[in-house]
Amino acid sequence: MRFIDLFAGLGGFHQALEYLGHECVFASEIDANLAELYERNFGVKPSGDIRESYKEIPPHDILCAGFPCQPFSKAGEQLGFDCPQWGDLFEYVIRTLERHTPRYLLIENVPNLLRHDRGRTWERVCERLRNAGYSIDYRLLSPHMFGVPQTRDRALIVGARDGLAAFSWPTPTHNADEIAVTSILDHAPADARQLTPAAIEYLTAWQALLDRLPKDERLPSFPIWAMEFGATYPFRVQTPLSLSAKDLGSFKGAFGQSLRDLKKSQMAALLPAYARSDKREFPAWKVEFIARNRAYYRKHRAIIDAWLPAIREFAPSFQKLEWNWKDGPRDLWHTIIQFRASGIRAKRPNAAPSLVALTTSQVPVIPWERRYMTMRECSRLQSMGDLEHLPETQTAAYKALGNAVNVEVVKAVATRLLAMPPPLSGKGEHHALRPADLATNVGRRRADGIGLAS
């Protein structure tokens, strides 16, 4: 069958459908560098901005689209269809469907598309696709379910003009215990970006704490916020900066620093950055994290006080640790690390964390080799290891891979979708899920091991 690849990027849809024996007859990609790479890799020259080129689209059987996720991602401003740069692009998907009436559609986007604007955005997507003549369904899938060692939930939306009564979603082939990130790694690759001495110092300092904590007690399941160790500022009923300078002066800020006899601005500077809210109350989750950290400090004060000077001069994001390997060996050097604004995140080394396009600082770290993942290794996380050409710079490559569609996930879904037999009579009765159905289906999909990602 003939397919088109809209918002093509590195060509994840192309690789998947070409592998299944289908032919790309049109691609669009507004980024000139990615468009050049696409042509070099696939021999198809993409058109530019879909707003101008959609009238050039030829007849086709399958529409594939990974329209930009920034308007709907929790990592952005969540402007949705009101985003002045990208918010109107879904409209061109609809125009193409109405003009060419392909038999199938396959769309990928971030999970937050389903929840954006309290479900109203998803309702609008469903309504537009139904009005264009398609029965649709969706599911959240991650590469790790199909043997690729990356945890990265994405919303996959399928549609068919003849109905989806004969369609069934692919069954995951792997569980978390059957994958390992080492399967996509090279040994000590020469082009790897090495950890800086400062990054090694961060991990060494936190490892020292893990070594000292009681071995018969589990490590905290909540993020460890070292700034709370010694702090006494109020947080349950109201935020510290909602108090007067006189009332706040009797408390202690981050690491137990006294707030006495200081101006309000000076007091604010001694509070953790996350506590400098101008609102009257903290959200419940923040209250809980602060309370649990202070209780942990009281329980292990002797150990923590002796260790605390080792991290006092670190940047705030490195004064936090998220340990995500329950009952795993307490060795940071054998986890998968991600340096995030929310802290150092240490995960079980079965699967890499989700690749993100916003920054190169969050590229997964391979601590046992004191390095970051290479571009080629990251491409394998997106099932794109066979691509001959990748972006030339690390920044461009990590951005493109963070935005990419995972090839193995698309192959699994497309195999089921495109193998559907035609209905015996009339159109199949399979309708789009409404926002009101989401709560029920979330529970069902969590039971299936397919849960909504944050």
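In this predicted model, three helices each supply at least two residues to the lining of the second largest pocket: α1 (12-19), α2 (32-42) and α13 (407-418). The volume of this pocket is about 320 Å³. Its lining consists of 16 residues, and those nearest the centre are Q15, S383, M384, G385 and D386. Sorted by class, the lining holds 7 nonpolar, 4 polar and 5 charged residues.

Two of the helices that contribute to this lining, α1 and α13, also pack against each other. Their axes come within 9 Å and cross at roughly 50°. An angle between 35 and 65 degrees is neither roughly parallel nor roughly perpendicular, and α1 and α13 are therefore oblique to each other. The crossing of the pair is right-handed. On the α1 side the contact involves G12, F13, Q15, A16, L17 and Y19, which meet V407, V410, K411, A414 and L418 of α13. By class, this contact comprises 8 nonpolar, 2 polar and 1 charged residues.

Most residues other than glycine have a negative phi. A second case is A188, where phi is near 45°, again positive in a residue that is not glycine. A188 sits in the loop between β6 (154-160) and α6 (197-212).

Two packed helices are described by the angle between their axes and the distance between the axes. Helix α4 (residues 89-100) packs with helix α5 (residues 120-131) at an angle of about 15°, and their axes are 10 Å apart. Angles under 35 degrees count as roughly parallel, so α4 is roughly parallel to α5. The crossing of α4 past α5 is right-handed. From α4, the residues F90, E91, I94 and L97 make the contact, and from α5 the residues V125, R128 and L129. These contact residues divide into 5 nonpolar, no polar and 2 charged.

Notes
Residues numbered from 1 in each chain as written. Predicted model: local features only at pLDDT ≥ 70, side-chain atom pairs only at ≥ 80, totals over all residues. Heavy atoms only, no water. 1 Å grid on protein atoms, 1.4 Å probe; cavity = no way out; pocket = protein on both sides within 12 Å on 5 of 7 lines; lining within 4 Å. Points joined across faces, edges and corners; volume = space filled by probe spheres on them. Helix = DSSP H or I, 4+ residues; strand = E, 2+ residues; numbered from the N terminus. Nonpolar A, V, L, I, M, F, W, Y, C, P; charged D, E, K, R; others polar. Axes fitted to C-alpha atoms, helices over the stretch in contact; angles between N-to-C directions. Parallel < 35°, antiparallel > 145°, perpendicular 65-115°, else oblique. Left-handed = near helix turned anticlockwise from the far one by under 90°. Contact = heavy atoms within 4.5 Å.
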